[in-house]
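Hello,

Here is the structure I promised to pass on. Have a look at it first, and then read on for what turned up in it.

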Amino acid sequence: MPQPHLHRPRWTHVVVSALLVSAPTVAFTWGVVLLVLDRPVGGSIGGLALVVGMSVLLGHSFRSRPMAVGPDGLVITRDGVRITLRWADFAEARTRSFGRVELWFTRGLVEPANGDGAWAVRQARRRGLHRAVRLHPYFADWRTSEVFALIPGERCRPHRAGYAPPVAAPLVYRPRWAYVLGLAVPATAVGVVIGWLVVYLIYVGAGAPFHQSASGLAAMTVGMAALFSYLLRSQPMTVAADGLSIDRNGVRITLRWADLAEVRTRSFGRAELWFTEALIEAGEGTRPRVVARLRKRGTARVVRLHAYFTDWRASEIAPLVAR
């Protein structure tokens, strides 16, 4: 019998999660020290030490959650408990916001990882951890991993007739960094200009020192650029023999090659694929008006190739388009 394959949360997920979780505490402490106590140097050093310390602590906690994948099921160790889930109890795969995927099971076994962990077991059951597995911490694209091949076939993703689910080894593309930065930088610049006016008129006008407003503006700039870049990069395109699918922040758009109408070329050589029909599936937690807006605008039927390829005619997608 093959040995289970052990996976640990990706460093990208660990670092981003640790920073996001520690950010509110850091912002609160920084604000109290800077504005109330009026100690800018100590506040900066204290805030930096706090964010580093909390990030290291949280990062260690997140990395200490290995997942063993075997032919019979999954075993996850986290927060003092060991969770065992069997493929025979698999129910469905759910898509959350930003393309995050969760595997849901009808039941699971929760037991203490070491010692007396009755409280940890109760907490895991209360939070539903004994039935759900979040795949995005472990895989950048779970469909290219052995997990996808082990999931019972037709239950992997609900689909309509004619819209086949992805194959076991699809081609997955993410928006190019040049495209991401080309959109994120102008959007951030506009936000920074507006933020600078707000800071100058309200914050500096109230008599606060300039270095405090400059620190806040710098933090806002970095945060906005990171947020825009993350939102744009979280739109992978999966290409299969029957068509392609794109995850757009909680919405999955499926397009068939049989419905391809034309390839349009925009200014600066930008290419777009236009389809006659598109299947739009909203993940759990996505508002219905988001799907309604996509259907009304018709943008779900358009695929911007320049976002994924420098020259799409030299890529693997060209023969599929030519058919």
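A residue is called buried if its relative accessible area is under 20%, exposed if over 50%, and partly exposed in between, with a 1.4 Å probe and protein chains only. Before the findings, please note that this is a predicted model, in which local features need pLDDT of at least 70 and side-chain atom pairs count only at pLDDT 80 or more, while totals for chains, interfaces and linings use all residues. Residues are numbered from 1 along each chain as its sequence is written, and side-chain values use heavy atoms, with hydrogens and water left out.

Let me start with the aromatic rings. The structure holds five aromatic pairs; rings of Phe, Tyr and Trp (its six-membered ring) pair if their centres lie within 6.5 Å, and planes under 30 degrees apart count as stacked, over 60 as edge-to-face and the rest as tilted. One of the pairs joins tryptophan 87 and phenylalanine 105, a tilted pair with 6.1 Å centre to centre and 40° between the planes. Tryptophan 87 is in the loop between β4 (81-86) and β5 (90-95) and phenylalanine 105 is in strand β6 (residues 101-105), so this pair ties together parts 18 residues apart in sequence. Helices (H or I, at least four residues) and strands (E, at least two) are DSSP runs, numbered from the N terminus. Tryptophan 87 and phenylalanine 105 are both buried.

Another pair, tyrosine 173 with phenylalanine 309, is edge-to-face, at 4.8 Å centre to centre and 65° between the planes.

The charged end of arginine 264 sits over the ring of tryptophan 274, 3.8 Å from its centre (the cut-offs are NZ of Lys or CZ of Arg within 6 Å of the ring centre and within 35 degrees of the ring normal).

Finally, where does histidine 136 lie? Histidine 136 is in the loop between β8 (132-134) and α4 (146-150), and is buried with a relative accessible area of 19%. Leaving aside neighbours within four places in sequence, histidine 136 is in contact (heavy atoms within 4.5 Å) with Arg10, His13, Arg100 and Val101.

Happy exploring!
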